[in-house]
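Open the model in your viewer and keep the selection tool ready. This tour tells you what to pick next and what is there.

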Amino acid sequence: MAVDSGLKDDLVFGDPNAPRFVLWEGKLRPVPSKPGDLPFFDLMSIPGKLRAGLGALGVRPPPPVCVLSPLCILDSLVKFDCAERFRRRFQGREESVEDFVRRNLGAEVFERLIEPFCSGVYAGDPSKLSMKAAFGKVWRLEDTGGSIIGGTIKTIQERGKNPKPPRDPRLPTPKGQTVASFRKGLTMLPDAITSRLGSKVKLSWKLTSITKSDNKGYALVYETPEGVVSVQAKTVVMTIPSYVASDILRPLSICVVIEFGLVIYLSDAADALSIFYYPPVAAVTVSYPKEAIRKECLIDGELQGFGQLHPRSQRVETLGTIYSSSLFPNRAPAGRVLLLNYIGGSTNTGIVSKTESELVEAVDRDLRKMLINPRAVDPLVLGVRVWPQAIPQFLIGHLDHLEAAKSALGKGGYDGLFLGGNYVAGVALGRCVEGAYESASQISDYLTKYAYK
């Protein structure tokens, strides 16, 4: 997408060898970046490493099973809209991220690696996040190979049998697994896409209603700076947050269908989409002079690395910190460092009641416990942004609720109306881009098969 948007020369990549850190017992400890690091890093004890290794090989308790009473089975069949969904849902109890990791890799891996990672990616509570929904690729390793290592080996074998198509020669080749941005920040990507699409992109248009048209399409009504505008479309993709989509789809109610000889009551799409939870998150961007960094945190006299994550057990509020000026070039003037901090999440929803200065104070107070000298000058505040509903949580049952919403639309005759966005594809930017291509493919197939016949 970046190359197609004309941004190939503006891509910047982080150093694949730059360390990542986790705060543990008052010290920022490096996270292993490759298998060879595993025996030597001090974030985990030797027993913890042995437990993780044995668990990855399959020496651990089996996945849990779900035992249902006949009454529970009948109740569940009434609530689920097809037998196949019922079988998938109840062939085994859906595990949380915490349950899965503790069972497979042990307590130390969970407490010192996965819990802070969940805080950093989802700003979520791993005891409530679904392993299957939030980290499906890892969950499928055990499901397909009997263990994490077994699944990895099987995946590698499958890739050998089905090699990927040749890499597009236009694409840049990073020197390793890393992250990327753009020379002037992420805003360059939407700006470039907008420039290519031109007048097809409409800004400040608020969708107020959707209704079915007589020609199998849809009529969409928008509030715009020029007044109310009605648009006719053969297909619609809703990539707005689920709670906004719920309000717009509320009139599209579905009541009863007959399937497998049973009367099945379906919750409509609006009800299913209203269930998804978005906790608040704040982004606090601050800058310090280079000499404010603690000497023990410097590598060759510089602040190096991707950033740091903070387990909730370590008594700090900030979820994590990205070393922006270390990760990408030209993010800060010489002699200064730029730090992007995240605070809030599902375990700290009280941030919505704090002022911007209180959020900065909380971040600064936390940083002085492990990265910044306690007597350093106050930071230069470059930005504070609070999202009251920030990141959708892929909680246990997430996939079922999402499928219920899609199924309700299909059974109600709303073909050509697709759900997209981060609560569907995944919260990472890369998954959102991949989800956009998947939506485009769905639209193309739909128009080819139905709309033009």
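**First stop: a tilted pair**

Select tyrosine 222, which is buried, with a relative accessible area of 18%. Buried means under 20% relative accessible area, exposed means over 50%, and partly exposed is in between (1.4 Å probe, protein chains only). Before going on, note that this is a predicted model: local features need pLDDT of at least 70, side-chain atom pairs count only at pLDDT 80 or more, and totals for chains, interfaces and linings use all residues. Residues are numbered from 1 along each chain as its sequence is written, and side-chain values use heavy atoms, with hydrogens and water left out.

Tryptophan 205 is partly exposed, with a relative accessible area of 27%. A pair of aromatic rings is described by the distance of the centres and the angle of the planes. Rings of Phe, Tyr and Trp (its six-membered ring) pair if their centres lie within 6.5 Å; planes under 30 degrees apart count as stacked, over 60 as edge-to-face and the rest as tilted. By this rule there are seven aromatic pairs.

**Second stop: two phenylalanines**

Select phenylalanine 117 and phenylalanine 135. Their ring centres are 5.8 Å apart and their planes are at 40°, so this pair is tilted. Phenylalanine 117 is in helix H5 (residues 107-121), while phenylalanine 135 is in the loop between helix H6 (131-134) and helix H7 (136-145), so the pair ties together parts that are 18 residues apart in sequence. Helices (H or I, at least four residues) and strands (E, at least two) are DSSP runs, numbered from the N terminus.

Which of the two is buried? Phenylalanine 135 is buried, at 17% relative accessible area. Phenylalanine 117 is partly exposed, at 36%.

Go back to the first pair for its geometry. Tryptophan 205 and tyrosine 222 are also tilted, with 5.4 Å centre to centre and 55° between the planes.

Select arginine 20 and phenylalanine 306. Arginine 20 lies over the ring face, 3.7 Å from the ring centre. A charge sits over a ring if NZ of Lys or CZ of Arg is within 6 Å of the ring centre and within 35 degrees of the ring normal. Then try lysine 212, which lies over the face of tyrosine 414 at 5.1 Å from the ring centre.

Show Val97, Val101, Leu105, Val109, Tyr122 and Phe135. These have the most contacts inside the largest nonpolar core, which has 30 residues. Such a core is a set of buried Ala, Val, Leu, Ile, Met, Phe, Trp, Tyr and Cys residues joined through side-chain atoms within 4.5 Å. Apart from this core lies another, of 27 residues, among them Leu359, Val360, Val363 and Met370.

Now pick asparagine 104, in helix H4 (residues 97-105). Asparagine 104 is buried, with a relative accessible area of 0%. Contact means heavy atoms within 4.5 Å. Beyond neighbours within four places in sequence, asparagine 104 is in contact with residues including Arg51, Arg60 and Glu142.

**Last stop: strand E14**

Select residues 336-344, strand E14: seven of its nine residues are buried. Two strands pair if DSSP finds at least two bridges between them. Strand E11 (residues 281-289) pairs with E14 in the antiparallel sense over nine bridges. Look for serine 287 opposite leucine 338 in E14. Strand E13 (residues 318-323) and E14 also pair in the antiparallel sense, over five bridges. There, tyrosine 323 stands opposite leucine 339 in E14.
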